[in-house]
Amino acid sequence: MMEFDRAEQDDDRTGTTSENGTATETHAEEGCKSCGDHGEPQKSWSLERNWGFALEELFKLALKFFKEMNGKAFNPTYEENLRLVALHKQITIGPYDPNACPEIGFFDVLGNDRRKEWLRLGSMAKEDAMEDFVKLLNSCCGLFATYVTSHKIEKEEQEKRRKEEEERLRLEREEQERQRLEEEARRREEEERRTKEEEQRRKDEMERLKIEQQKQQIMAVLNAQTAVQFQQYAKQQYPDDPDQQQLLIRQLQEQHYQQYMHQALRLQQMALQKQQDSNVNQMSEDVPSPVSNEVVPTCNSNSQSNSLEIQEQQTDSKAFHLCVEGKPGEVPIIAPSMWTRPQIKEFKEKVLHDHDSVITVGRGEVLTVRVPTHQDGSHLFWEFATDHYDIGFGLYFEWKDVTMPASAAATEEQVEGEKQTEHRPVLHETQKEHCPLLHEIVPVSRRDSHEEVYAGSHQYPGQGVHLLKFDNSYSLWRPKVVYYRVYYTR
């Protein structure tokens, strides 16, 4: 190894070698080529295929091994060392040129021997010199093959890690791309969902505003009709408290609107049921309808709504336009106003002072309180409550000087479903040729009057008698105690 280093120093002095340790590699490669020329012939084999490295890469490994292991792991002979140095010079500098190299002294035996060995290589190609360097080094030291094998394994491991890293990066890129696409799909779905929700909210808001506008319009008409009654009632309940009066009026107006809508829905359902019954009867009888100004209902779905509207108009005309004293005329029946209030205890205490305002409705009975219209009044007010249990309540109006045939009166009695035990001496005179006309204002239905005070008012439709019906016909065991109060206002 010291000789190889001295050869490098000589090359440095000539100025023809490359920088740093490159000259050392050149000397070693030249020495290998000279050994290849003088040495015994070796078997021809492909370095890249057998060693697993390219020629230049294998030469670098061989030069590194020679510089690190010379004199330690192996000791080449003098001739092998000269050959390796000459091959190194042939690889790094090229063929020997006497004009480019300085003269060597006569007594420099090592330098002269190296020049001679280098000169023997002649014009050997660089690749051949590298191959001879590797073959000579392998023949000199058996550890070189192990050294190259370890580097080959390390190279394979590095290549394997490189491929694994590339595969990992590829999978990461694919996963990122997949996540990006999924995120875009989720974002689009979220945007579509928000758009649909926003559109639905706008529709709901428009529908709510429409309903609210309709409600305000209906309430404005209803409030105009009941303003005087509600103000009078509120003044009676809170004579010295305007704030409570306004609060009570608003509550009464809201309850009046709810009752009006409930009654409108009920009338619509009744008209639909009548229309369906009429269709069934016509189909079962299979009799042609007479020619008239009325529209004949058919099974056609498109005309069903029209015939329903006509039927409702006919029902309304029968319900709200009457014939007074046999002469044609119109008498409008205004819907009543009804409400509740929770002060049931105070109400009962006030009513108890008047024994005539406390009545008992026996089990299975219907009791009717007759209240004639007053010539100085315009509205009827009523309030009632019960002890412990509910009771049915309804309001009717019996017209004065307005009659109808006895057969029609009998039909009305069947529709009302009144029991014969009801105390109505005037209404049961079906033996006469004509009976007083009776009109239903509030249908009889059960009221939770044991929990709240039920109150209401109704504008006089004309001269006659209001009939307050307290229905206990559904109770077979319990009589009901009713606290009520009735008065009129101008």
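1. Contact here means heavy atoms within 4.5 Å. This is a predicted model, in which local features need pLDDT of at least 70 and side-chain atom pairs count only at pLDDT 80 or more, whereas totals for chains, interfaces and linings use all residues. Residues are numbered from 1 along each chain as its sequence is written, and side-chain values use heavy atoms, with hydrogens and water left out.

2. Confidence. The pLDDT, which is the predictor's confidence in each residue from 0 to 100, averages 76 for the protein, and 74% of the residues score at least 70. Over residues 287-330 the pLDDT stays under 50, and the model has 39 contacts beyond four places in sequence for them. Residues 410-432 also have a pLDDT below 50, and this stretch has 39 contacts in the model beyond near neighbours in sequence.

3. Overall content. The protein has 12 helices and nine strands; these are DSSP runs numbered from the N terminus, helices being H or I of at least four residues and strands E of at least two. Of the 490 residues, 35% are buried, where buried means under 20% relative accessible area, exposed over 50% and partly exposed in between (1.4 Å probe, protein chains only). Among contacts with a separation of 6 or more, 84% join residues 24 or more positions apart.

4. Helices α4 and α7. The axes of α4 and helix α7 (residues 126-140) are 10 Å apart, and the two helices pack at an angle of about 45°. Because of that angle, α4 is oblique to α7. Axes are lines fitted to C-alpha atoms, for helices over the stretch in contact, and angles run from 0 to 180 degrees between N-to-C directions. Angles under 35 degrees count as roughly parallel, over 145 as roughly antiparallel, 65 to 115 as roughly perpendicular and the rest as oblique. The crossing of α4 past α7 is left-handed, a term for the near helix being turned anticlockwise from the far one by less than a right angle, with right-handed used if it is clockwise. Contributors from α4 include Leu-55, Phe-59 and Phe-66, while those from α7 include Met-130, Phe-133 and Leu-137. The residues of this contact comprise 11 nonpolar, no polar and three charged. In this division Ala, Val, Leu, Ile, Met, Phe, Trp, Tyr, Cys and Pro count as nonpolar, Asp, Glu, Lys and Arg as charged, and the others, Gly among them, as polar.

5. Helices α4 and α5. Helix α4 (residues 55-69) also packs with α5, at an angle of about 135° and with axes 13 Å apart; the two are therefore oblique to each other. Here α4 passes α5 in a left-handed crossing. Phe-59, Leu-63 and Phe-66 of α4 meet Asn-81, Leu-84, His-88 and Ile-91 of α5, a set that divides into five nonpolar, two polar and no charged residues.

6. Helices α5 and α6. Helix α5 (residues 78-92) and helix α6 (residues 109-120) have axes that come within 9 Å and cross at roughly 60°, which means that α5 is oblique to α6. The crossing is right-handed. On the α5 side the residues include Tyr-78, Leu-82 and Arg-83, and they meet a group in α6 that includes Asp-113, Arg-114 and Trp-118. The residues in this contact are six nonpolar, one polar and five charged.

7. Leu-248. This residue lies in helix α9 (residues 242-285) and is buried, with a relative accessible area of 9%. Beyond its neighbours within four places in sequence, Leu-248 is in contact with Tyr-233, Ala-234, Gln-237 and Tyr-238. The C-alpha atoms of Leu-248 and Tyr-233 are separated by 9.1 Å.

8. Ser-357. Although placed in the loop between α11 (344-351) and β2 (358-361), Ser-357 counts as buried at 12% relative accessibility. Not counting residues up to four places away in sequence, Ser-357 touches Val-351, Val-482, Tyr-483 and Tyr-484.

9. Two further loop residues. His-388, in the loop between β4 (379-386) and β5 (391-405), is exposed at 66% relative accessibility. Its phi is positive, about 70°, although His-388 is not a glycine. Most residues other than glycine have a negative phi. Asp-448 is in the loop between β6 (434-447) and β7 (453-459) and is partly exposed, at 36% relative accessible area. Asp-448 is in contact with Asp-390 and Tyr-454, leaving aside neighbours within four places in sequence.
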